[in-house]
Amino acid sequence: MIYAVIDIGSNTIRLSVYKVIKDSVKNLFNEKSTASLASFIEKGVMNEHGIQKLINTLNEFKNLISNFEDISKTFAIATASIRNSSNRREIIERVRTEVGMDIELISGEEEAKLSFLGAGIDSKSGVLTDIGGGSSEIVVFEQGKVVRTSSLNIGSLVAFDNFSKNLFMTNDEKKLLEDDIKLMLASNNLNRVQHDIVCAVGGTARACLKLYNEIYDKESGNVIITMDGLKKLINTLMSMPDREKMKLILKVKADRVHTLIPGMIILYRISKYFYADIIRISMTGVREGFVYHKILGRG
């Protein structure tokens, strides 16, 4: 059986097609659009421009999906971008009417659990984080099971929109962002216990790894980021002239030129909160977790 999953995030909208045979899940196809939906939310309401961008992107993906003649079902899931919009019912109804697609809203807690399930972590105990565009999910797990989750109302795109006046943050803006993250972490429901390794999933984490591997000349298969290395990388980027910084990020991950540094700062602060020495990046996450849960009944 073949299934399509559309993940509507605050920064990107992603389409993945999976082939499921018994308990095996194989990724066949991926496409994404940097829609930046969080940028179209004004006073808690997604404006018409944002809704239309969502509808246009979903119609494009619908046309792509039609090339797979044997797709059994298409699922569309939405996280912070829509669940935090006060007009979410209108958005869902517009999509149903104009695209012919139902959107399933995923809560912060559900998103965290699906990310954990999809990451396929070998460790029995630890921490996982999924830094999106509009929110950052944190999962603490013990004996292979989720024991606590938290969703912070900060993501790479929201951080850029709220703290950067220009394309790149100043050191003063970085300090304000860090203070905000610290306050959110201090007021969450997670115990601050040391974990040597934090697992990170999602586009921000993968983009950070790509830049890290480029700067430190790591082999392409490397999935480990050291905390010392990440701190040094952030400081190096902050001290670079804007033009050099832009050329470097455009070379490595052009679609995240404005959100990568804010995302890296969030990743560093969450990992530091748990006294981690190492961040391990997973190439799978919430979409795979959704397939495992919805189709295979896991979790």
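Helices (H or I, at least four residues) and strands (E, at least two) are DSSP runs, numbered from the N terminus. The structure described here is a predicted model, in which local features need pLDDT of at least 70 and side-chain atom pairs count only at pLDDT 80 or more, while totals for chains, interfaces and linings use all residues. Residues are numbered from 1 along each chain as its sequence is written, and side-chain values use heavy atoms, with hydrogens and water left out.

Next comes a sheet. Five strands, in the order E3-E2-E1-E6-E7, form an open sheet with mixed pairing; two strands pair if DSSP finds at least two bridges between them. In general, strands of a sheet pair through backbone hydrogen bonds, either parallel or antiparallel. At the edges are strand E3 (24–33) and strand E7 (103–105), each pairing on one side only. From one strand to the next, the twist averages 25°. Strand E6 (residues 71–78) pairs with E7 in the parallel sense over three bridges, and isoleucine 77 stands opposite glutamate 104 in E7.

Two loop residues deserve a look. Lysine 22, in the loop between strand E2 (13–21) and E3, has a positive phi of about 55° although it is not a glycine. Because its relative accessibility is 77%, lysine 22 counts as exposed (buried means under 20% relative accessible area, exposed over 50%, partly exposed in between, with a 1.4 Å probe and protein chains only). Glutamine 143 also is not a glycine, yet has a positive phi of about 55°. Glutamine 143 sits in the loop between strand E9 (136–142) and strand E10 (145–152), and counts as exposed at 63% relative accessibility.

Finally, two helices meet. The axes of helix H8 (residues 227–239) and helix H10 (residues 260–273) come within 10 Å and cross at roughly 145°; axes are lines fitted to C-alpha atoms, for helices over the stretch in contact, and angles run from 0 to 180 degrees between N-to-C directions. The contact (heavy atoms within 4.5 Å) includes Leu230, Leu233 and Leu237 of H8 and Ile261, Met264 and Tyr268 of H10.
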